[in-house]
Amino acid sequence: MNVKMMQVGSLGTNCYILEDEKTREAAVIDPGGDAPEIIKALEGATLRYILLTHGHYDHTGGAAELAKALPQAEVYIHEKDFRGVAPSMFPLCTQMDEVKFYGEGDRIAVGGLELQVLHTPGHSEGSVTLRCGDLLFCGDTLFAGSCGRTDFPGGSVPKMLASLRRLGELEGDLQVLPGHMDVSTLEEERRHNPYLRQALRETT
C-alpha cells in the first residue's frame, strides 16, 4: 500500500492518493482542486475511483476535471451530499451527472486493498469516513486536535458527537488522515482532542 498526501485547491484541502503497489490501481480521495497536479502525482498508476468524503466544494472541486481526464475512474459520494441543501456549498450535482452513491457498510476494492465506508454525519448529512486497514480517511469529521464545523447547512452537533464517538470507539491506534491540517493517530486524539473526549464521555 502506498499513500500520498497533497494539499489542493484554494483552502489547501488534503487530497490522498491510495495505491495498491502490486496492481498499480489507485483511488483519489477528496480531489478538491488542481486536477493536473493530481494526475502528475499518480505517476502512471491506473485511477479506478474518485472517492469523496463529503460534498463541500473544497473537497470536490477537482472531481469533474479529473474524471473527464481519466474517464475510467468512477466517482463515489454519499447520496445526501450529492444534492446538498446549499448549491454553493455542494456544487457537484451541477458539474457531473455520472456519479455513484455509497453508504454505510459498502466496500470498495482498489486492487488488493479494500476500503470500508462508515457514515459519519455531523459536518454534513452525507459525510463518510473511509477505512482501509489501519487508515482512517476522515474528511472533515475528525481533525488533529479538533473536528469539522457543524454550523454549515446540514451540520449537526449531536450527529457530530455521535460520529466522533463511533470513531473513538474503534479498536486500535489507527492512523487519522483528515481533510485539513496534520495527520494524527486515534490514540493521540483520544488523549488530547477535546471534542473526541467529550463525545466519548457522553452516552447515546
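User: In this predicted model, is His 56 buried or exposed, and at what relative accessibility?

Analyst: In this predicted model, His 56 is found in the loop between β4 (46-51) and α2 (57-60). A residue is called buried when its relative accessible area is under 20%. His 56 therefore counts as buried, its relative accessibility being 1%.

User: Which residues does His 56 touch, not counting those up to four places away in sequence?

Analyst: His 56 sits in a loop, the one between β4 and α2, and residues up to four places away in sequence are not counted here. With those set aside, the residues that His 56 touches are Met 89, Phe 90, His 123, Ser 124 and Phe 152.

User: With which side chain does the side chain of Ser 184 make a polar contact?

Analyst: Leaving aside neighbours within four places in sequence, Ser 184 is in contact with several residues, among them Ala 144, Leu 174, Gln 175 and Val 176. The polar contact of the Ser 184 side chain, at 2.5 Å, is made with the side chain of Glu 189.

User: Is Gln 7 buried or exposed, and what is its relative accessible area?

Analyst: Gln 7 is found in strand β1, which runs over residues 2-8, and Gln 7 touches Gly 12, Thr 13, Asn 14 and Asp 34 when residues up to four places away in sequence are not counted. Exposed means a relative accessible area over 50%. Gln 7 is therefore classed as exposed, with a relative accessible area of 55%.

User: What is the phi of Asp 34, one of the residues that Gln 7 touches?

Analyst: Asp 34 lies in the loop between β3 (25-29) and α1 (35-42), and at 39% relative accessibility Asp 34 counts as partly exposed. Asp 34 is a residue other than glycine, yet its phi is positive, near 55 degrees.

User: Where is Met 181 placed, and what is its phi?

Analyst: Met 181 is located in the loop between β13 and β14, and Met 181 is partly exposed, with a relative accessible area of 44%. Although Met 181 is not a glycine, its phi is positive, at about 65 degrees.

User: Which residues is Leu 170 in contact with, leaving aside its neighbours within four places in sequence?

Analyst: Leu 170 lies in the loop between α6 (157-168) and β13 (175-178), and at 18% relative accessibility Leu 170 counts as buried. Once neighbours within four places in sequence are left aside, the contacts of Leu 170 are Leu 118, Arg 131, Leu 136, Leu 186 and Arg 190.

User: What is the radius of gyration of the protein chain, and why does it agree with a compact globule?

Analyst: The protein chain has 8 helices and 14 strands, and its C-alpha trace spans about 45 × 40 × 30 Å along the principal axes. A compact globule with 204 residues would have a radius of gyration near 17 Å, so the value for the protein chain agrees, being 16 Å.

User: What share of the residues in the protein chain is buried?

Analyst: The accessible surface of the protein chain comes to about 9100 Å², of which 48% belongs to carbon and sulfur atoms. Of the 204 residues in the protein chain, the share that is buried is 53%.

Methods:
Residues numbered from 1 in each chain as written. Predicted model: local features only at pLDDT ≥ 70, side-chain atom pairs only at ≥ 80, totals over all residues. Heavy atoms only, no water. Helix = DSSP H or I, 4+ residues; strand = E, 2+ residues; numbered from the N terminus. Rg over C-alpha atoms; globule rule 2.2 N^0.38 Å. Buried < 20%, exposed > 50% of the residue type's maximum accessible area, 1.4 Å probe, protein only. Areas by Shrake-Rupley, 256 points an atom, 1.4 Å probe, with all protein chains shown as cover. Polar contact = N/O pair within 3.5 Å; in protein donor to acceptor, adjacent residues only side chain to side chain. Contact = heavy atoms within 4.5 Å.
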